[in-house]
Amino acid sequence: MWRNIVSNFLTLLIVVLVGVAGLVAWAKQQYEGPGPLTEGVCLRVEQNATFSRVSQDLLAQGAISSGYIFRAGADYEGKSGSLKFGSYLIAPGSSMQDIIEQITAGGPSTCGTELNLRIGVNAQQLILRELDAASGQYVEKAKFDPVAEAKPEGFDEAAAKADVRLRITLAEGVTSWQVVEALKSAEFLKGEVAKVPAEGTLAPDSYEVRRGADRAGLLDEMAKRQTAILAAAWENRASGLPYETPEEALVMASIVEKETGVPEERRQVASVFVNRLEQGMKLQTDPTVIYGVTEGKGVLGRGLRQSELNRETPYNTYVVAGLPPGPICNPGRAAIEAALNPDSTQYLFFVADGTGGHVFAETLDEHNRNVARWREIERQQKSQGSGN
């Protein structure tokens, strides 16, 4: 009798153990295997949120199959107390384990709202946009000049959310004065700027910032990046260039940046000015003259006057030989690399070609013919414009 009882007990125990093992294996597969999402969703984790609340939200969005397994997995991995608030883009097929890793690692929000102050050569804009989780594309909600235009209705409320991702984006060719003035208009930054940074020393790039970040500290970061970019390009420069220091190369890069917006032309434009320096020719470039007039404080907004072209200033490269005394803008990485690795050409001249680019020439006669063609294009464009 006892033998039967023991045998039955052992059989039952084995069945239970097998069942438990099967249940554990199933739960493990549910936790680590692909999730049920067929398209991305945006999960918002509030400050002081709990895994219980988050699991309910994920269940409601169809991102997980079991709130219990989700919470148990977080407990097992020791992450139940590590939730980081923010907005997270949950990709299709994300496992529970993937989601837990994502929402406990922290970092910048990957969906939700982004506020970007874009500092351009001709204008600055505050752009508020939201990520559509299903398509993965941002949808613009508001865009305006924070200095010249009033805020759109509802902007302050949307921009004040705790998990809004904040960015400052510098376009290639902006001046240091433009950057400082734009940063002053950013209400999500704080602190005074005692001095405008030296021209050319700020790296055009996109900078993620925290609310309340110090303006001077942000400028220091921009300068740090530009220093690293210039150092790396100088290290990898072509031989025989007419620059004695990295700073002289930075001056050239700023001219290249202002002379062309066509990426494929940068090294050609650089070659023109390098060739001119090597042959003792004046650079004769309008952007340097313009900088001498504006001092980098905004856009000239008109053509250069003959008196300005004739006036002797340190930045008038029609009058003064060699490079101007300093950069005329903050050049981007590509312009810096072009200045330090220009194309090998015999070009000495270039002029607009009517398509947004330029046509290059080795001789003055060839250049004069190109200029004549450009004047004809200008005449036709003016004629068509007046006819409309």
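Of the 388 residues of the protein, 40% count as buried. This is a predicted model. The fold has 13 helices and eleven strands. With a radius of gyration of 30 Å, well over the 21 Å that the globule rule gives for 388 residues, the protein is more spread out than a compact globule.

**Overall dimensions**
- Along the principal axes, the C-alpha atoms fill a box of roughly 115 × 50 × 50 Å.
- The accessible surface is about 20,900 Å². Carbon and sulfur atoms account for 51% of that surface.
- Take the contacts between residues at least 6 apart in sequence: 61% of them join residues at least 24 apart.

**Nonpolar cores**
- In soluble globular proteins, nonpolar side chains tend to be buried together.
- The largest nonpolar core here has 56 residues. Within this core, I168 and F188 touch the most other members.
- Helix α7 (residues 215–235) gives this core its largest share, seven residues.
- Leaving aside residues up to four places away in sequence, I168 touches a list of partners that includes L117, I119, L183, F188, L189, V209, L218 and M222.
- A second, separate core holds 20 residues, including L37, F51, F70 and L83.

**Helix α3 (residues 67–76)**
- G67, I69, F70, G73 and A74 are buried in α3. They sit on the same side of the helix, because they cover an arc of only 165 degrees around the axis.
- An α-helix has 3.6 residues a turn, so residues three or four places apart point the same way.
- Y68, D75 and Y76 are exposed, on the face of α3 turned away from its buried side.
- At the start of α3, a side-chain oxygen of S66 comes to within 3.4 Å of the backbone nitrogen of Y68.
- Just after α3, G78 has a positive phi of about 70 degrees.

- Q284 is not a glycine, yet its phi is positive, at about 50 degrees. Q284 is in the loop between α9 (266–278) and α10 (286–294). Its relative accessibility is 38%, so Q284 counts as partly exposed.
- E295 also is a residue other than glycine with a positive phi, near 60 degrees. The loop between α10 and α11 (306–310) holds E295. Its relative accessibility is 51%, so E295 counts as exposed.

Notes:
Residues numbered from 1 in each chain as written. Predicted model: local features only at pLDDT ≥ 70, side-chain atom pairs only at ≥ 80, totals over all residues. Heavy atoms only, no water. Buried < 20%, exposed > 50% of the residue type's maximum accessible area, 1.4 Å probe, protein only. Helix = DSSP H or I, 4+ residues; strand = E, 2+ residues; numbered from the N terminus. Arc of directions from axis to C-beta. Polar contact = N/O pair within 3.5 Å; in protein donor to acceptor, adjacent residues only side chain to side chain. Rg over C-alpha atoms; globule rule 2.2 N^0.38 Å. Contact = heavy atoms within 4.5 Å. Areas by Shrake-Rupley, 256 points an atom, 1.4 Å probe, with all protein chains shown as cover. Core = buried A, V, L, I, M, F, W, Y, C linked by side-chain atoms within 4.5 Å.
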